[in-house]
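Q: Please take a close look at one part of this model, the helix packing and the charged pairs around it. Keep it brisk, and give the numbers.

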Amino acid sequence: MFRQAEIDCWNFYRKQEIIPMIVTTKTTENYSFAIVPNSAPRIVVAYITADLHKGGDSLSEYLPWFVLSEALRGGCGTLSRDAFLDKLNMLGSSISISVSNRMVTVELRSTAETFDKTAALLKLMLTEPTFDASELKRIKSTLKNELEDARENSKMHAELGLRNALWGNTDRRHSPTIDQLAGSIGNIGKKELDSNLKSFRQSFWQITFGGSNEQAKKFEKIANSVQMKVTEVKIQPQVLLNKPARTVFHEIPSRQNIDFAIGASLPLSIHDADFPAL
């Protein structure tokens, strides 16, 4: 079964009217490396995904990455934030970090000609981030403003409320509330960012690469130099039980519309007869 990053990579090539060969995968103790090869790619894409869910509550596991996903692009090595982003822009490349269900994905996109330099910037970003105090202050201020704007998003509140009503706060699908994030973001400093970045580098990686085999070998070499010894954390699976029906209201004084989300949990396992219908 394809992972989402592999599907994204495949779809990207289809949009570029490039027909990729079959995906090839190798697995080691530290990572799984899937390649969607193309002998003469115009665009190179790479995804590194790590599962950072260690069984903790949603706030403690999500909050550091809420800041870290921005802080990693805030300067590294001798490069300031502006210098780092300027180099990426001059190369016509992009490096982004996203977090979903406590899965962290680092995405690299570049032209074939600028891949080597872009990959070197990715390595620098993951191994020598500066986490400058003034930059962290700017990031936190920006994120707080975004959270204030999100308070007006009634659709988001409806979807968040439904998910959190279905899943306990130690489940990966549970999300911290805006009030929780806004009230705790000030507690995240360089120590917390360093610790969570180290956790990412010590996690098992799922790597998906779209490009030539030669470029894939170069990227695998960089991944090996960035990743630290993997430490496995075993999580007790959460038993999903049906919950009684209830209604939750969330008032947004500035809005006059009504958004609602309705749903229920389905406590099925792959062994249930009804599971294939999903």
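A: Start with a cut-off. A residue is buried under 20% relative accessible area, exposed over 50%, and partly exposed in between. Arginine 81 has a relative accessible area of 28%, so it is partly exposed. Bear in mind that this is a predicted model.

Now the charged pairs of arginine 81. One partner is aspartate 82, in a salt bridge whose closest N and O atoms are 3.5 Å apart. Aspartate 82 has 56% relative accessibility, so it counts as exposed. Another partner is glutamate 135: this salt bridge also has its closest N and O atoms 3.5 Å apart. The pair links distant parts of the chain. Glutamate 135 sits in helix H5 (residues 133-150), arginine 81 in helix H3, and 54 residues separate them. At 12% relative accessibility, glutamate 135 counts as buried, because the limit for that class is 20%. The pairing goes further.

Next, the packing of H3 itself. Helix H3 covers residues 81-91, and it packs with helix H4, residues 115-127. The angle is about 160 degrees, and the axes are 10 Å apart. That angle is over 145 degrees, so H3 is roughly antiparallel to H4. The crossing of H3 past H4 is left-handed. On the H3 side, the contact is made by Phe84, Lys87, Leu88 and Leu91. On the H4 side, it is made by Lys117, Thr118, Leu121 and Met125. Sorted by class, this contact has 5 nonpolar, 1 polar and 2 charged residues.

H4 also packs with helix H9 (residues 213-226). Here the angle is about 15 degrees, and the axes are 10 Å apart. An angle under 35 degrees counts as roughly parallel, so that is how H4 lies to H9. H4 passes H9 in a right-handed crossing. H4 brings Phe115, Asp116, Ala119, Ala120, Leu122, Lys123, Leu126 and Thr127 to this contact. H9 meets them with Gln215, Lys218, Phe219, Ile222, Ser225 and Val226. By class, the contact of H4 with H9 has 8 nonpolar, 3 polar and 3 charged residues.

Back to the charged pairs, now across the whole structure. A search finds 12 salt bridges. One of them joins the side chains of arginine 172 and aspartate 51, at 2.6 Å from N to O. This pair, too, links distant parts of the chain, 121 residues apart. Arginine 172 lies in the loop between helix H6 (154-166) and helix H7 (178-184). Aspartate 51 lies in strand E3 (residues 43-51). Arginine 172 has 23% relative accessibility, so it counts as partly exposed. Aspartate 51, with a relative accessible area of 31%, is partly exposed as well.

Finally, a residue of H7. Serine 184 lies in that helix. At 16% relative accessibility, serine 184 counts as buried. Setting aside neighbours within four places in sequence, serine 184 is in contact with Leu59 and Leu63.

Definitions and conventions. Residues are numbered from 1 along each chain as its sequence is written. This is a predicted model: local features need pLDDT of at least 70, side-chain atom pairs count only at pLDDT 80 or more; totals for chains, interfaces and linings use all residues. Side-chain values use heavy atoms; hydrogens and water are left out. Axes are lines fitted to C-alpha atoms, for helices over the stretch in contact, and angles run from 0 to 180 degrees between N-to-C directions. Helices (H or I, at least four residues) and strands (E, at least two) are DSSP runs, numbered from the N terminus. Angles under 35 degrees count as roughly parallel, over 145 as roughly antiparallel, 65 to 115 as roughly perpendicular and the rest as oblique. A crossing is left-handed if the near helix is turned anticlockwise from the far one by less than a right angle, and right-handed if clockwise. Contact means heavy atoms within 4.5 Å. Ala, Val, Leu, Ile, Met, Phe, Trp, Tyr, Cys and Pro count as nonpolar, Asp, Glu, Lys and Arg as charged, and the others, Gly among them, as polar. A salt bridge is a side-chain nitrogen of Lys or Arg within 4 Å of a carboxyl oxygen of Asp or Glu. Buried means under 20% relative accessible area, exposed over 50%, partly exposed in between (1.4 Å probe, protein chains only).
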